[in-house]
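Please take the sequence and the model together, and keep both in view while reading. The paragraphs below go from strands and sheets to cores, and then to single residues.

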Amino acid sequence: MNRYSMDEFVKSTEQKDKGEGFFELETERMLEVNLNGKVWAKAGSMITYNGEIKFEREGILEHGLGKMFKKAFTGEGASLMKAEGRGKLYLADSGKKISIIHLGHGESISVNGNDLLSFEERIDWDIRMMKRITGMMAGGLFNVTCNGPGMIAVTSHYEPLTIRVTPDKPVITDPNATVAWSGNLNPDFQTDVSLKSFFGRGSGESIQMKFEGEGFVVVQPFEEVYMQNNQG
């Protein structure tokens, strides 16, 4: 068979069942959800599906008044959709790399609101607002804390890097490049005028996130900037 024939193209790119369960990576940039019930996903992330699946935008009171007010206050642009039914659902977000994380009982992780692609219905989640700083980029003002048990899928531009945080070694990150961190950490924002031209250049300010304690933080080799006037 010719290596460039149409049959060879179809064979090399067609969907393959890996039997990995509810979430599986069809490719490193495409999530397959083997749906038999409900799942939450980032609105607009569905690229294809088969079976009997119904999609609904997140209702105003879907998750209670508390979360509705938080979303309104943060101006969150990454709203959720609910997929319900049986079939195969495929999700992606601007070609970003996808990582699947299974949270056990008592485990939690905080994810930048723009980087949470999907999560199981049984995940207990909440929106947490960060300290507001005038002139800060819109995309880093809130995060979503997910508590297990259950599976979540997060995205990053290119390969993520996880850095350990220990009491004697705090970690400083660029907010635009920060994807997630362990749920027990509560980052602070700080500024450093001496680094204004080198660090946090995506936001036009010398804003940094400081993580102290025991845990980890996940960063990406990319500054994900969301302009304030394009916000939700």
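Strands β8 and β9 run antiparallel and are joined by six bridges, where strands are DSSP runs of E with at least two residues, numbered from the N terminus, and two strands count as paired if DSSP finds at least two bridges between them. Within this pairing, I127 stands opposite V144 of β9. This is a predicted model, in which local features need pLDDT of at least 70 and side-chain atom pairs count only at pLDDT 80 or more, while totals for chains, interfaces and linings use all residues. Residues are numbered from 1 along each chain as its sequence is written, and side-chain values use heavy atoms, with hydrogens and water left out.

The two strands belong to an open sheet of six strands, ordered β8-β9-β6-β13-β16-β11 and paired in the antiparallel sense. Its edges are formed by β8 (124–129) and β11, each of which pairs on one side only. From one strand to the next the twist averages 20°, an angle taken between axes that are lines fitted to C-alpha atoms, on a scale from 0 to 180 degrees between N-to-C directions. As a general point, strands of a sheet pair through backbone hydrogen bonds, either parallel or antiparallel.

Another open sheet has three strands in the order β12-β15-β14, again with antiparallel pairing. Here β12 (171–173) and β14 (188–191) stand at the edges with a single partner strand each, so one side of each is left without a neighbour in the sheet. Neighbouring strands of this sheet are turned by 35° against each other on average, direction ignored. Between β12 and β15 (residues 207–211) there are three bridges in the antiparallel sense, and T173 has M209 in β15 as its bridge partner.

What lies between the side chains? The largest nonpolar core has 18 residues, and those with the most contacts inside it are L116, F119, W125, C146 and I152; such a core is a set of buried Ala, Val, Leu, Ile, Met, Phe, Trp, Tyr and Cys residues joined through side-chain atoms within 4.5 Å. Two or more residues each come from β6 (108–112), β7 (116–120), β8, β9, β10 and β13 (178–182), and the largest share, three residues, comes from β9. Leaving aside residues up to four places away in sequence, I152 touches a list of residues that includes F23, I101, L116, F119 and C146, where contact means heavy atoms within 4.5 Å. A second, separate core of 16 residues includes L31, L89, I98 and L117.

One of the residues that I152 touches, I101, lies in strand β5 (residues 97–103). I101 is partly exposed, with a relative accessible area of 24%; buried means under 20%, exposed over 50%, and partly exposed in between, with a 1.4 Å probe and protein chains only. Although I101 and M151 are 50 residues apart in sequence, their C-alpha atoms are 5.7 Å apart in space.

T145, by contrast, lies in strand β9 (residues 142–147) and is buried, at a relative accessible area of 3%. Its side chain is joined to that of S110 by a polar contact of 3.0 Å, that is, a pair of N or O atoms within 3.5 Å, of which, within protein, one must be able to donate a hydrogen and the other to accept it, and residues adjacent in sequence count only if both atoms are side-chain atoms.

The loops hold some backbone details as well. In the loop between β9 and β10 is P149, and a cis peptide bond, with omega about 10°, joins G148 and P149. S94 is placed in the loop between β4 (80–91) and β5; its phi is near 55°, a positive value in a residue other than glycine, and S94 is exposed, with a relative accessible area of 70%.

Y158 also has a positive phi, near 70°. Y158 and F222 form a tilted aromatic pair, 6.3 Å centre to centre and 50° between the planes; rings of Phe, Tyr and Trp (its six-membered ring) pair if their centres lie within 6.5 Å, and planes under 30 degrees apart count as stacked, over 60 as edge-to-face and the rest as tilted. Because Y158 lies in the loop between β10 (150–156) and β11 (161–165) and F222 in the segment after β16 (215–219), the pair ties together parts that are 64 residues apart in sequence.

Technical notes:
Helices (H or I, at least four residues) and strands (E, at least two) are DSSP runs, numbered from the N terminus.
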